[in-house]
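Hi,

Here is the structure I promised to hand over. Have a look at it first, then read my notes below.

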Amino acid sequence: MTAELLNGRELSDKLKEEMKQEVAALKEQQHIHPHLTVILVGDDPASKSYVRGKEKACDYTGISSDLIELPISVSEQKLLQIIEEQNNNNDVHGILVQLPLPDHIDEQKVIHAISPLKDVDGFHPVNIGKLVNGEETFLPCTPFGILTMLESKDIDIEGKHAVIIGRSNIVGKPMGLLLLERNATVTYCHSRTKNLREIASEADILVVAMGRQNAVDGSYVKEGAAVIDVGINRMENGKLTGDVDFESAKEKAAYITPVPRGVGPMTITMLLKNTIKAAKGLAE
Ligand code: GUN
C-alpha cells in the first residue's frame, strides 16, 4: 500500500480562502474587525519565524494583528502588565504569547494571566477544563488542525484505536482528549513507555509528537493506519523533516502527513479560526 497524502498546505489554503470571505462579511455586516495580539519575548530564530508566519496568515485573511516584541530580559511583572492591558482592550480579540519563554518567567503564570475569552491558543486551564468536559471552547491549534485534516478525508474516528506518542500540554494531551470526545479508544505513549513499537503498531490513528527525527519508521505502523507526524526537525542540510521516517511509513499507512506541508500550516490556520471565533464572542 502507498499512503494517500494528507496535504495540510492545500487544506489550509482552502480554509483561509473561506475565512477571508467570513472576515470581510464580519467587517461589512457587523462592523467586527478581528484582531490578534502576538507577544514575542527574545529573538529565538524559530519563534520569530513562527510569529512571522502567523502575522502573514492574519494579513492574508484580513485579520489585523499587532506584534509586541520584548527583550529577553523583560521582567515577568512587565509581561503580566502588558497582558492585562491587552485583556482590557476591547479592540483585541485574541492574545498569543509565543512559547517557550525565558527561564526567569513562569510560563503557567503567564498562561493563567490571559483572559480565557481571548486565549486563542486554548492553553488556559479554564479552556482545558472545558475541553475535558466536552464543552465549547478554543481548541489548541495543533490538535484542532489534525482533527480537521482527519475529518476532511472522512477518516473514521469512532471506535478506532488512536495512539498518541508524546504528552505535551500543547499537542499530545489535548489531542487524546479530542479523539476521546469523538469516541476513539485512546492510548498515550511517552518517553518512559515500554514496548512502544508494539503499541504503536496497533494504532488505526497514530499521532507522533516526540520531537526526534525519524523516531518512528514503518515497523511502528499498522497496515492501513492514518499516520500524523507533528515533528518539525531541522536537518544538517537545513531542510525540515518530521519524527516519522516517511518513506517506510508510507508503504504501510493508508494516509500520512508530509513534513513540511502537513500539520504545520494547519496549526496557523486554526489560530485564525480561533481568532474569528473570539471576535464573534462564540467561546463564552
Ligand atoms: N510555541 C510552539 N507552538 C506554539 C503554539 O502553538 N502557541 C504558542 N503560543 N507558542 C508556541
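To start with, is Arg261 buried, exposed or partly exposed? Arg261 counts as partly exposed, because it has 17 C-beta neighbours inside 10 Å. For the cut-offs, buried takes 20 or more other C-beta atoms within 10 Å of a residue's own, exposed takes 12 or fewer, and partly exposed is in between, with C-beta atoms placed from the backbone.

Before you go on, this is a predicted model, where local features need pLDDT of at least 70, side-chain atom pairs count only at pLDDT 80 or more, and totals for chains, interfaces and linings use all residues. Residues are numbered from 1 along each chain as its sequence is written.

Back to Arg261: it lies in the loop between β11 and α10, and its phi is near 80°, a positive value in a residue other than glycine. (Helices, H or I with at least four residues, and strands, E with at least two, are DSSP runs numbered from the N terminus.) That loop also holds Pro260, which a cis peptide bond joins to Val259, with omega about 0°.

Now the sheet. It is open and parallel, with 6 strands in the order β1-β11-β8-β7-β5-β6; two strands pair if DSSP finds at least two bridges between them. β1 (4-5) and β6 (185-189) are at the edges with a single partner strand each, so one side of each has no neighbour in the sheet. Strands β7 (205-208) and β8 (226-229) pair over 4 bridges, and Val208 has Asp229 in β8 as its bridge partner.

Cheers
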